[in-house]
There are 2 protein chains.
Amino acid sequence: MGGWVIGVDLGGTKTELGLVSPGDEIAARRRIPTQQAEGPQALVRRIVEAVAGLAAELPPGERVSALGICTPGPVDHRTGALIDPPNLPGLHHTPLRDLLAEALGVPVSLEHDAKAAALGEHRFGAGRGADHMVYIVAGTGVGAAIIAEGRLFRGQHNAAGEIGHMTLDRHGELCTCGARGCVQTYLSGPGIAGRYQKAAGTAFNGTGEDVARLAGAGDPLAARVMQEAGEALGLAVAAMAGMLDVELYVLGGSVAKAGSLVLEPARRTVPQYCVGSVGKRVRIVASTLAEDAAILGCAWQARQLT
Amino acid sequence: MGGWVIGVDLGGTKTELGLVSPGDEIAARRRIPTQQAEGPQALVRRIVEAVAGLAAELPPGERVSALGICTPGPVDHRTGALIDPPNLPGLHHTPLRDLLAEALGVPVSLEHDAKAAALGEHRFGAGRGADHMVYIVAGTGVGAAIIAEGRLFRGQHNAAGEIGHMTLDRHGELCTCGARGCVQTYLSGPGIAGRYQKAAGTAFNGTGEDVARLAGAGDPLAARVMQEAGEALGLAVAAMAGMLDVELYVLGGSVAKAGSLVLEPARRTVPQYCVGSVGKRVRIVASTLAEDAAILGCAWQARQLT
């Protein structure tokens, strides 16, 4: 259990690899383009090359004992195959775990990316020491992963935590899914950017992070949009606190970089929508590992195989 | 594990007892008033008397081997004490499990009532054979209990499943809790009655069940209120399906008696608010055990102690 492992965070455009020490530190990194168009075999070849590069940086006499990889969902963690992730059309139904295990000759684990990041925060970040926590990732979309009694709550198809389209306001803003008032309409990066553009009434080609920057610089319209994002986070957390009876919520993803601009309104909102003492016990904090959470979570999971 | 046990459903006004056979059938019943004003000792005495009456109906040579009791929450299932259930002010902080065990001389379990009913439906009713299900009780209030991987999902304080004040419409109907658009504003018995009265604009002293009866008899206003109740159920189920990745939802409580008046709009609503294939897999069904679910669930839990 104490050896060197590699954690891999495979995204739609780039794949980040980290060589993780027996002390759970990222000792070396690689970044490669995902380039789905090349097909799964070429991707596996690129990952194997990057792993060889990382292995060359190991201390003398050491070897890589396992690799953990995560991808956008849906992912079947039991068979180790991607199902049909919308952002990875070139890799649908790829048995990525087995392809990598065969190519590398070490045990490999495959996990859903939000769940991997939750494992990372739970073991090494903002959720350290907590038996129960929810990791919320707010970026291009909004998702979550639930840790209960010290382990992942997966649901029937490893899909638990899909909160992006939970309805907060039936008659609210139209969502890309066709419904109204979904969490991600307010809390995702594109949702924040879209709402700012709509409120400003002018062409705005920025991102959610740009809106946060404008809000920080004193733009009142941007501040209102960020406040509404925080309120949406608070409403979602209130619903989860009631349903799951979990107290700690860790926010990751690009929207988490807005910090108190989104966390403060969320914290103010929760008690208004929680009955009884539950609301007082809820804590919402920012991720402490940021992009490293998924790499460290994958590495931790891989280590369990050794 | 195969003996005779007793299940007890303690409510705000009445307490129902059932003598449960080794074949999990309710063989005899008793009903006593809860009368909290008398205090815990008097209540325990009444329960002990009722248990003696049930024991007198046992086949020759048999005895009661355990008793399971459930009450409105919050309940600490580990210490076996009621915490501060709003409907049982006379029994706050009563160590009911230990008082009964001492008085009866058999093992006793104490459970939250919605969770006990969920166990009953899961073992013997609409959830039989399912590894994952959610039991939703809609009556005076709205609550739920989650079964995952074949067992209760409790959360940090045995309070998981509190969906009554989940927000469906931030700008909707005012709830008794002070927030707007909570599930129970639309789906509880008092919520249904109140919304009918408001829509009719006249004094209406009926219950939610009366509104369901009017809807069944062709009253268009009552039909609309029941449809909105069903839509609220559908929205709540859609949120749970995303968050928990559970497919089977069993509706109990007085509102379940409205049957298709509430189930059909709920079933139509779910796919509109679930992304991807999740909505297609969701099933919402009525409880098959009605009031017996909690008694059978308590009895099953008690049997695990023997």
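Biologist: What distance separates the centres of domain 1 and domain 2 of chain A?

Modeller: Taken over C-alpha atoms, the centres lie 28 Å apart. The model is predicted: local features need pLDDT of at least 70 and side-chain atom pairs count only at pLDDT 80 or more, while totals for chains, interfaces and linings use all residues. Residues are numbered from 1 along each chain as its sequence is written, and chains are lettered from A and ligands numbered from 1 in the order in which they are written.

Biologist: Which residues make up each domain of chain A?

Modeller: Domain bounds come from an automatic or database domain assignment. Here domain 1 of chain A covers 4-118 + 292-303, and domain 2 covers 129-286.

Biologist: How many residues does each domain of chain A bring to the contact?

Modeller: Two residues are in contact if their C-beta atoms, placed from the backbone, lie within 7 Å. Domain 1 of chain A gives 11 residues and domain 2 of chain A gives 11 residues. On the domain 1 side, helix 3 of chain A supplies the largest share, four residues. Helices (H or I, at least four residues) are DSSP runs, numbered from the N terminus.

Biologist: How are chain A and chain B related?

Modeller: Two copies of a chain are related by a rotation about an axis and a shift along it. Superposition is by least squares on the C-alpha atoms of residues with pLDDT of at least 70 in both copies. A rotation of 180 degrees with 0.0 Å of shift along its axis places chain B on chain A, with RMSD 0.0 Å. The two copies are therefore related as by a two-fold rotation axis.

Biologist: Which C-alpha of chain B is nearest the axis?

Modeller: That of B:Asp169, 2.1 Å from the axis.

How values were computed:
Helix = DSSP H or I, 4+ residues; strand = E, 2+ residues; numbered from the N terminus.
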